[in-house]
Amino acid sequence: MKKARGVIAVLAACVNALFISVPAVAQIEFKGKLTSQTGLGIPNGHDSPNKWEFLLGTVGAEGELNAYMENSTVYADASLFYDYIVKEDNLTFRIKEAWYDYNGGWWTLRAGRQLTAWGAADGLQVTDVLCPQDQTSLWSSDYSESRLGIDALRLSLAGNTVTADAYWIPFFTPNELPLKEGNPLKEIMIPSSVSMNGMTLKINKVTKDSFEKPDIALKNGEFAARIKTFLPFADISLYGFYGWDDMPVLKYTIGNSINISGTYERMTMLGFDASIPIGTIVLRLEGAFFPNRAINISAQEQAKAQFIAMQKEIKDFDYFVKRNQLMGLAGVDFMPSGWTITAQYCIDAISGDIKMIDRERFIHIATCSVSKSFLRDTLELSLTGIVEMNHWSSMINPSATYSVSDQLKVSLGANFFVRGPDKDNKGTYAEYENLDCVSVKAVFSF
């Protein structure tokens, strides 16, 4: 609540300063949209417990306001959504962006809540760590719309071939996690029980208050920078980030039941991306290095550590380790005769001993997306596939979007999750196999 009041106060001060300093508003623009989306669980070659159950259901409204005045701009974007699938806190009001921008020619200063996309990847997170993610949605194709705004001060410098952005983020914003009762993703992230040493233990209720955020203090601010250069043969960007990991590391305190808590740990990222046109193909490269990133110790290993700590009469035990992490991506974009074809390969590797952690040393992911417009660009058909190549589990997302008019668009899509051939270790996307669903979405813009 203190953070929200602080953001509103800063924005109000910016707006007041703007209207005091500028005698008249040159232009005001307002636009909005109404949305409705419903998802129905379907069987996918097995007896899913969620078949023919509603897994997704939202209605909402979003509004954007732009005010332009000489060298200044005020922008606000807010939304109100009702989720009739979750069983608590169904109504969500969110300020996506609210900032004041002053353009001084070769420099620009922006203050307030803002969104920025980093990196050249399509739907995968490599260097894109600046803005946290809303991970509460079942619909996997909404990555581009899932970013949450950061409350920041941004200074931008612009030259003929080079631009630079520097960020100071005084308030930490973590990922939004699927913790509400009724969210179909909650059981995957926080199951109701786990089997450990031959016993089944119940997990106590987990809320966002279970995770300890860093105190609001000057020393706990985040800093980020991006330098982008436009060369004749490529566009190249360099990234640097020092802040907090948007995902908490989980601590399992085990007794007759399991209590899950967690903390957000410091994180550093150094990265780059490059887009290189080669004839009709664009080659995209991206890489990120995370030195000493906090990675969770598995629940079983935490149980052992807790038992040893109790024997030695130690109150606490280790629930994460620090490891170097390296991520790399290569992708191509090809657009022949109105088609858009994108293919990517991504590798995620960590160093050091991995016996205590619940992941492989190398994680391989490949994606492919094909789309084309028909009927004078009123109908768009697309097909996206993702395969994690460690265990060959996959996700397939076909969709069709039809523009009924300039204001109304209707979309039909589906998510299919397929387990790999390894039955003992089903793979990343096979964890979602009971969440196969078909979705209908309508968006009315005004």
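Residues are numbered from 1 along each chain as its sequence is written, and side-chain values use heavy atoms, with hydrogens and water left out. Because the model is predicted, local features need pLDDT of at least 70 and side-chain atom pairs count only at pLDDT 80 or more, while totals for chains, interfaces and linings use all residues.

**Stop 1: helix 3**

Select residues 299–311, which form helix 3. Helices (H or I, at least four residues) and strands (E, at least two) are DSSP runs, numbered from the N terminus. Helix 3 has 13 residues and reaches 19 Å from its first C-alpha to its last, close to the expected 18 Å. The expected span is 1.5 Å times one less than the number of residues.

Now colour Ala 299, Gln 302, Ala 303, Gln 306 and Ala 309, which are buried. Buried means under 20% relative accessible area, exposed over 50%, and partly exposed in between (1.4 Å probe, protein chains only). Viewed down the axis of helix 3, the buried residues fall within an arc of 125 degrees, so they line one face of the helix. The arc is taken from the directions from the helix axis to the C-beta atoms. An α-helix has 3.6 residues a turn, so residues three or four places apart point the same way.

Turn to the other side of helix 3 to find Phe 307 and Gln 311, which are exposed. Then show strand 8 (193–196), strand 13 (249–254) and strand 16 (281–296), which are among what covers the buried residues of helix 3; contact here means heavy atoms within 4.5 Å. Just after the helix, Glu 313 has a positive phi of about 60 degrees.

**Stop 2: the sheet with strand 13**

Two strands pair if DSSP finds at least two bridges between them. Select strand 14 (residues 258–263): six bridges join it to strand 13, and the two run antiparallel. Lys 251 has Ser 261 of strand 14 as its bridge partner.

**Stop 3: rings**

Select Trp 99 and Arg 110: the charged end of Arg 110 sits over the ring of Trp 99, 3.6 Å from its centre. Next, the charged end of Arg 293 sits over the ring of Phe 290, 4.5 Å from its centre. The rule requires NZ of Lys or CZ of Arg within 6 Å of the ring centre and within 35 degrees of the ring normal.
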